[in-house]
Amino acid sequence: MKNSPMEALARNSMLILWTIFALFPLFWMLVISFKSDAQMFNTTFVFDPTLENYQEVLIKTDYFKYFLDNIIVSGGAVIVSILVGVPAAYSLARFNFRGKEDLAFTILSFKFAPEILVVLPLFLIYQKIGLYDTYIGLIWVYQLITLPLLVWVLRGYFEDISVEVEQAAQLDGYKWYQIFFRILLPLVKPGLVASALLAFIFAWNSFTFPLLLSGFKIMPVTVASLRYIASDTVHYGQMAVAAVVTATPEVILAILIQKHLVRGLSFGAVKG
Amino acid sequence: MAEKAGQYQKQPLSVRARPYLIIAPALLLTIGILYPFVTAIYYSLTNLSFRRPTMKFIGLENWISMFKDPTFWHAVWVTAKYAFVTTGSEMVLGLGIALLICKKDNFFSRILKVILVFPLMVAPVIATIIWQLMTNTSVGIIEKFLNLLGIYGFPWASSPSTALFTAAMIDVWVYTPFVIVLVVAGINSLPKSPFESAQIDGGSAWFTFKNLTLPMLKPFLYIALIFRLMASMQEYGIIFALTKGGPGDTLMNLSLTAYNKGFAFLKFGEAMPYILFLWIVIYIISKKLVSNWLIVQRKASGR
C-alpha cells in the first residue's frame, strides 16, 4: 500500500500516544512505590528511592497472608476446574450425545451471569451451611470464572486432534483411558497449561466474589488493596506497593502465555 | 450424522452413558452454583430482610414497586450509558489500534502486540487504584501535567459531571487490549489475494477497508462486542472501587443498586428484582448477538 510520510507520521504518533496511555500508569505505579510519603508531594521524576513502603506493606501488615490467600483460592479453583473440566471438555469434543450443545451453553452462560445475582443468594446459603469466609466456599464460587473458560477452550484443543490418532491407538490395543492419558493429554498440554494460567489470572483478579463471600479470615489481595483507598491515612506509596505486588505476577504470566492468549480470551471462538 | 447416532443407539448402555459420566463431575459441581439462580427468583417474591426474623411470600409486590421507583429507571439509564460509552470506545479504539499495529510487521509492532496486553491482565480494582493515584489532586502526576497546561484541580471521580468519564476511562484502559488482541488475530487470519487484487484495481484505502477488511473482521468484532457488552452491563468492581456509585447516585448502575439494597439497606427481597431484571436483559441480548455471530461467521467463511 501507498505510504506517504505524513501518513506514517500520523500512524506512529497515534500508536505512541496509545502506548503511553496504556503503559505509563504501570510505569508510574512502579516509580511511586519507591517514593517516601514526603517526596510524594514535592518531587516528580527525580527523588531518592526508598524501600520504606515495601517494608511497611510486606512486613508490617498481613499483606503477605492476603497474597497467599489469593494463591490458595485461585490456584485451588484452577486445580478443581482442571480435574472436572478436562474430562468434560473431552466429552463435549469427542462424543455425540443428546443435549450436548445445551450442556455446553449452560456452562458458558455462567460467564455472562451478573456476579451480584450469584452473590446475593449465595451469601445467605453460605452463611447457613458454613461456607462463608472459607477457602472451600470461595474455590467453589470461583468455578463460575475458571470452569467455563477451561471447558470451552479445551474443547477446541481436543477437537483439533484428529480422530485417526485415537483410532490408531485403539488398533494398537490401548484402552480408552490409556488413550486419554498417554496420547491425548500430552497433545493438549500446551493449550491446557496456557488456559489454566489464564483462568488463574481471571480468578486472581476477581473482586466481587471475595468482597461479599469472605470476611476477615480470608482476604484476597484485590479486596485487601481496597482498604488503602478506604482508609483516611494517606499512604500513597503503600497503595502503589499493593498494586505492584498484585499486578506483577499477572503481567509475567501474560508474557508466558502469549501464543495462546487469543484463544483463551475468546473462549476458543478465535483460534489465533 | 444420522448413521453415527444410530451407531450409538446400538452400543451397550455402559458405552452410551460414558459421555454423561465423564461430564457429570463438572455438572454436579455447578449445580450447587445454579441453585442460587432458582432461589434468587423465589427471594424476589418475598419480603426477606435482615432486619426481620421471618419472611413472607408477597407475590409480585417487589417487582411492581421496582418499576414504579425512579431509582430503578435511573439505574437502567446509568447501566445503558456506561455500557454504551465503554463498549463503544473500546470497539472503536481497539479496531483502530489493531489496524495501526498490523499495518507494518516489524520489530516494534511485534513488541507492541506483547506489551499492550498488560493492562488487561491487571485486576480492574487494582487498575482503579493506579488511576486514583494518578488523578489525585494533591500528589497525582496527571494533575501536575494539567497544571502545566493551566488546568487546576480537575475533579475526576469527585464531580457528577466527570465521574462517568473517569470510570469509563479506567474501563477503556483495562479492556481495550481485549479488543486489540481479537482484532489482531482477525487481521492475521485474512487471506492475501483479495487485497492484492483490490490494489491492482486501484481501490482506495477506504474502499478496501469498507468492502474487504471490515466484513472479514466482522466475526472477530462480534466476539469482542459480545464479551465486552455483557461484562460492561454488569460492571461492579471498577465503579465500586472508584466511588461506590457516587458522587450521589451518579454511577449507581443496576449491579450497584442491587448490592446497596441487599447489603447496605439489608432489604434482600427488594434487591433481587433489580439484578434479575439485569440478568434477563443480558440473557436476551447475548442470545441475539450469539446467533448473529453464527450467521456472520458463516458468511465470512463463504458458506
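Two residues are in contact if their C-beta atoms, placed from the backbone, lie within 7 Å. The model described here is predicted.

**Contact between the chains**

In this model, 71 residues of chain B are in contact with 73 residues of chain A. On the side of chain B that touches chain A, the largest share comes from helix 3 (residues 18-43) of chain B, with 14 residues. Sorted by class, that side of chain B holds 57 nonpolar, 11 polar and 3 charged residues.

A helix from each chain takes part in one packing between the two. The axes of helix 6 (residues 115-129) of chain A and helix 15 (residues 268-300) of chain B cross at roughly 150° and come within 9 Å. An angle over 145 degrees counts as roughly antiparallel, and helix 6 of chain A and helix 15 of chain B are therefore roughly antiparallel to each other. Their crossing, that of helix 6 of chain A and helix 15 of chain B, is left-handed. From helix 6 of chain A, the residues A:Ile116, A:Leu117 and A:Leu120 meet B:Phe268, B:Ala271, B:Met272, B:Ile275, B:Leu276 and B:Trp279 in helix 15 of chain B. The residues of this contact comprise 9 nonpolar, no polar and no charged.

**Chain B as a whole**

Chain B contains 15 helices and 0 strands. The C-alpha trace of chain B spans about 80 × 75 × 30 Å along its principal axes. The radius of gyration of chain B is 25 Å, whereas a compact globule of 303 residues would have one near 19 Å. Of the 303 residues of chain B, 40% count as buried. Among the contacts in chain B with a separation of 6 or more, 73% join residues 24 or more positions apart.

**A helix pair within chain B**

Helix 5 (residues 70-103) of chain B packs against helix 12 (residues 205-233) of chain B at an angle of about 150°, and their axes are 9 Å apart. That angle makes helix 5 of chain B roughly antiparallel to helix 12 of chain B. Helix 5 of chain B passes helix 12 of chain B in a right-handed crossing. Residues of helix 5 of chain B that meet helix 12 of chain B include B:Thr79, B:Tyr82, B:Glu90 and B:Leu95, and their counterparts in helix 12 of chain B include B:Leu221, B:Arg228 and B:Met233. By class, this contact of helix 5 with helix 12 of chain B has 9 nonpolar, 5 polar and 2 charged residues.

**Single residues**

| Residue | Other C-beta atoms within 10 Å | State |
|---|---|---|
| B:Glu61 | 16 | partly exposed |
| A:Asp133 | 17 | partly exposed |
| A:Phe267 | 21 | buried |

B:Glu61 is found in helix 4 (residues 61-68) of chain B. Its C-alpha atom and that of B:Phe265 are separated by 18 Å, and the two residues B:Glu61 and B:Phe265 are 204 residues apart along the chain.

Most residues other than glycine have a negative phi. A:Asp133, a residue other than glycine, has a positive phi near 60°. A:Asp133 is placed in the loop between helix 6 and helix 7 (135-160) of chain A. A:Phe267 is not a glycine either, yet its phi is positive, at about 55°. A:Phe267 lies in the segment after helix 13 (261-265) of chain A.

Conventions:
Residues numbered from 1 in each chain as written. Chains lettered and ligands numbered in written order. Predicted model: local features only at pLDDT ≥ 70, side-chain atom pairs only at ≥ 80, totals over all residues. Helix = DSSP H or I, 4+ residues; strand = E, 2+ residues; numbered from the N terminus. Nonpolar A, V, L, I, M, F, W, Y, C, P; charged D, E, K, R; others polar. Rg over C-alpha atoms; globule rule 2.2 N^0.38 Å. Buried ≥ 20, exposed ≤ 12 C-beta atoms within 10 Å, placed from the backbone. Axes fitted to C-alpha atoms, helices over the stretch in contact; angles between N-to-C directions. Parallel < 35°, antiparallel > 145°, perpendicular 65-115°, else oblique. Left-handed = near helix turned anticlockwise from the far one by under 90°.
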